[in-house]
Amino acid sequence: KTITGKIDGNDDNTGTLTFVGDSTVDGEIGSKHLVQTINAAAAESTSTFNDTVVASNITLGSGVAEFNDDVTGVISTNSGVIKLASGKKIDGTIDGALDNVGSLVLLGDATLLQDVGNIHALSSITTAIGSTATFEGLVTTTTLDFNGDANFVGGAEINDAVIFNDEQVLTFGATSTLAGGINFDGNDGII
């Protein structure tokens, strides 16, 4: 189903949106009054958000959530995939529901303003070819699959592998731990 209009709470931090199958929202969510909870990306479904999303809590299942504009809110994912469009940002923490679940796919240049995987590490983070991803908070994930550059301003804890798919530059601006291997796969990467 598709929702074409704006969605707001009556006041800030009110209202719950639940998407149980494939769904698309073309209008802003929470632009006047932030929504309390969004439940999306149910099993075997895709939830697509084509405008800004502002919510206190965004809970994702095992499906796919496609954010094509800026997102503000705390995101928790089960084993689902979070896709962020090029040139967009997420202002909110992102965590797996448990350790080593959920994936973050950045489809172009992106800015993540808060911690990623600090409470429960994500399974993987993937960046797009020729892009630059900036992580302002601490990043904790099992696997980093980089096709573009990344700047870890808040540091990073990588629990398994860092994979270079081309000639990328990874910059760590705070205390960081790389517990696994680094696979340059025949490419010239710079750390």
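Two salt bridges are found in this predicted model. Side chains of opposite charge can pair when their charged atoms come close.

Take Glu28 and Lys6. Their side chains meet in a salt bridge, at 3.6 Å from N to O. Glu28 sits in the loop between strand 3 (23-25) and strand 4 (35-40), while Lys6 sits in the loop between strand 1 (2-3) and strand 2 (14-18), so the bridge ties together parts 22 residues apart in sequence. Lys6 has 61% relative accessibility and is exposed. Glu28, at 22%, is partly exposed.

The other bridge joins Lys88 and Asp69, at 3.7 Å from N to O. Lys88 belongs to strand 10 (residues 88-91), and Asp69 to the loop between strand 7 (64-67) and strand 8 (71-77), so this pair links parts that are 19 residues apart in sequence. Asp69 counts as buried because its relative accessibility, 16%, falls under the 20% cut-off. Lys88 has a relative accessible area of 23% and is partly exposed.

Now turn to the nonpolar residues. In soluble globular proteins, nonpolar side chains tend to be buried together. Here the largest nonpolar core has 39 residues. Strand 6 (residues 53-60) gives the largest share of this core, 4 residues. Ile38 and Phe135 have the most contacts inside the core.

Which residues does Ile38 touch, leaving out those up to four places away in sequence? The list runs through Leu17, Phe19, Ile29, Phe49, Val53, Ala55, Asn57, Ile58 and Thr59.

Terms used:
Residues numbered from 1 in each chain as written. Predicted model: local features only at pLDDT ≥ 70, side-chain atom pairs only at ≥ 80, totals over all residues. Heavy atoms only, no water. Salt bridge = Lys/Arg side-chain N within 4 Å of Asp/Glu carboxyl O. Helix = DSSP H or I, 4+ residues; strand = E, 2+ residues; numbered from the N terminus. Buried < 20%, exposed > 50% of the residue type's maximum accessible area, 1.4 Å probe, protein only. Core = buried A, V, L, I, M, F, W, Y, C linked by side-chain atoms within 4.5 Å. Contact = heavy atoms within 4.5 Å.
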